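The sequence and the structure are shown first, and the description follows.

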Amino acid sequence: MLFRAAIADPAHLDRAVAHPADGPVPALTAEKIREELAGNRIRPEWIWTAEDEDGRILARALWWGRTDSEQPIALDCLQVGPGVADPAGVAAGLLDAGHAAFGGLPGYNISLPRGWRADPELAAAVAWRQEAAHRTGLTREIERLRYEWTPAAGTAQTTGRLVFREGTDEEMLDAFVRLSQGSLDLATRHELELMDAEQLAREDFDFYLDCPGERSWWRLAHLPDGRLAGLAVPSATPYHRNVGYLGVVPEQRGQGLIDEVLAEITRFHAAQGAERITATTDTVNLPMAAAFDRAGYEVTEIRLVLEAPAR
């Protein structure tokens, strides 16, 4: 079996792009892949196929990154043909080939409908993908809720419970540090097993600074007496506005202030004409999920994240 990227042969690229986007797990269409190629978010060297001795494509993997990414950020699509006897084995070989070329292990994001486990065909298709990912080192799983707000949900009026203002980089970094303490976000908790809160704050700061949103959007949240209450980081993806990062400092949690912070982000994007605002949170982060529900955000999909464990 031959594993190769679609970089050297234009005809191979055309065949890889045109590969059917079928199966129970959602896959990118040829039109969408062409759009992502044009935006430099999918690249020929990030499109890999597994072929038999006759040159037939048996499997395809598509990795995604930002326009300026040096290496892919995540595996976006993984397909194996219905006639392949060992889909997990073929997929694992394909992923290993890609990982070796990239020099790293990008995570794998699988977008799924709510209740996907109740669909036997869909659950089986997810199972062999999980097995392939685990074989290649992506052994940590996080299940996330993807939320979406539209103007029909409306925005909450300001209540005066919090005052929002711009802050210096140093103030923002301090807020990131304080919000990480006792966080229910699984990625944050995993990262704190490897680094201290100051290092994580710098990484989070740099990540959101590198997102399509503007640094000038960020706001510190204070109580009327001046004490820090939280942080609101409206952000964006290459496709639409995004909640980004938000939270309340440990000593102010449990008072409903997260609703105020989320409302500020929503109002900010809505005032700039956003027709859609997306957000994600872990399924185990029940307080944050409840805040999104109260704010009129609706769950549009489940995102199963498979990634390499922290080292």
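## Asn285 and its surroundings

Leaving aside its neighbours within four places in sequence, with which residues is Asn285 in contact? In this predicted model, the residues in question are Leu184 and Asp185.

Asn285 belongs to the loop that runs between S11 and H9. With a relative accessible area of 10%, Asn285 is buried, because a residue under 20% is counted in that class.

## Helix H9: a buried side and an exposed side

Helix H9 spans residues 286-294, and its buried residues are Met288, Ala289, Ala291 and Phe292. Around the axis they cover an arc of only 155°, so they are placed on the same side of H9. Leu286 and Arg294, by contrast, are exposed on the other side of H9.

Several elements pack against the buried residues of H9: strand S6 (140-149), strand S10 (241-248), helix H8 (257-271) and strand S11 (277-282). Just after H9 comes Gly296, which takes a positive phi of about 90°.

## Helix H2 and the residue that follows

Helix H2, made up of residues 30-38, has Ile33, Glu36 and Leu37 as buried residues. Viewed down the axis of H2, these buried residues fall within an arc of 105°, and they therefore line one face of the helix. Glu31 and Ala38 are exposed, and they are carried on the face of H2 turned away from its buried side. The cover over the buried residues of H2 includes helix H1 (10-18), strand S2 (47-51) and strand S3 (57-64).

Asn40 follows H2 and lies in the loop between H2 and S2. Although Asn40 is not a glycine, its phi is positive, at about 65°. Is Asn40 buried, exposed or partly exposed? Its relative accessibility is 32%, and Asn40 therefore counts as partly exposed.

## The packing of H1 with H2

H1 also meets H2 directly: their axes come within 8 Å and cross at roughly 130°. H1 is therefore oblique to H2. On the H1 side, the contact is formed by Asp14, Val17 and Ala18, while H2 contributes Ala30, Ile33, Arg34 and Leu37. By class, the residues of this contact between H1 and H2 comprise five nonpolar, no polar and two charged.

Two of the residues that H2 brings to this contact, Ile33 and Leu37, are also among the buried residues of H2.

## The packing of H3 with H4

Helix H3 (residues 87-102) packs with helix H4 (residues 120-135) at an angle of about 40°, and their axes are 8 Å apart. The two helices are therefore oblique to each other. The crossing in which H3 passes H4 is right-handed.

Which residues of H3 and H4 meet? From H3 these are Pro87, Ala88, Gly89, Ala91, Ala92 and Leu95, and from H4 they are Trp128, Glu131, Ala132, Ala133 and Arg135. The residues of the contact of H3 with H4 divide into eight nonpolar, one polar and two charged.

Val90 is part of helix H3. Its relative accessible area is 9%, and Val90 is therefore buried. Not counting residues up to four places away in sequence, Val90 touches Met1, Phe3, Ala50, Ala59 and Val84. Cys77 is 13 residues from Val90 along the chain, and the C-alpha atoms of the two are separated by 14 Å.

Helix H4 holds Ala125. This residue is likewise buried, and the relative accessible area of Ala125 is 7%. When neighbours within four places in sequence are left aside, Ala125 is in contact with Pro24 and Val25. Ala125 and Glu214 are 89 residues apart in sequence, and their C-alpha atoms are 39 Å apart in space.

Technical notes. Residues are numbered from 1 along each chain as its sequence is written. This is a predicted model: local features need pLDDT of at least 70, side-chain atom pairs count only at pLDDT 80 or more; totals for chains, interfaces and linings use all residues. Side-chain values use heavy atoms; hydrogens and water are left out. Axes are lines fitted to C-alpha atoms, for helices over the stretch in contact, and angles run from 0 to 180 degrees between N-to-C directions. Helices (H or I, at least four residues) and strands (E, at least two) are DSSP runs, numbered from the N terminus. Angles under 35 degrees count as roughly parallel, over 145 as roughly antiparallel, 65 to 115 as roughly perpendicular and the rest as oblique. A crossing is left-handed if the near helix is turned anticlockwise from the far one by less than a right angle, and right-handed if clockwise. Contact means heavy atoms within 4.5 Å. Ala, Val, Leu, Ile, Met, Phe, Trp, Tyr, Cys and Pro count as nonpolar, Asp, Glu, Lys and Arg as charged, and the others, Gly among them, as polar. Buried means under 20% relative accessible area, exposed over 50%, partly exposed in between (1.4 Å probe, protein chains only). The arc is that of the directions from the helix axis to the C-beta atoms.
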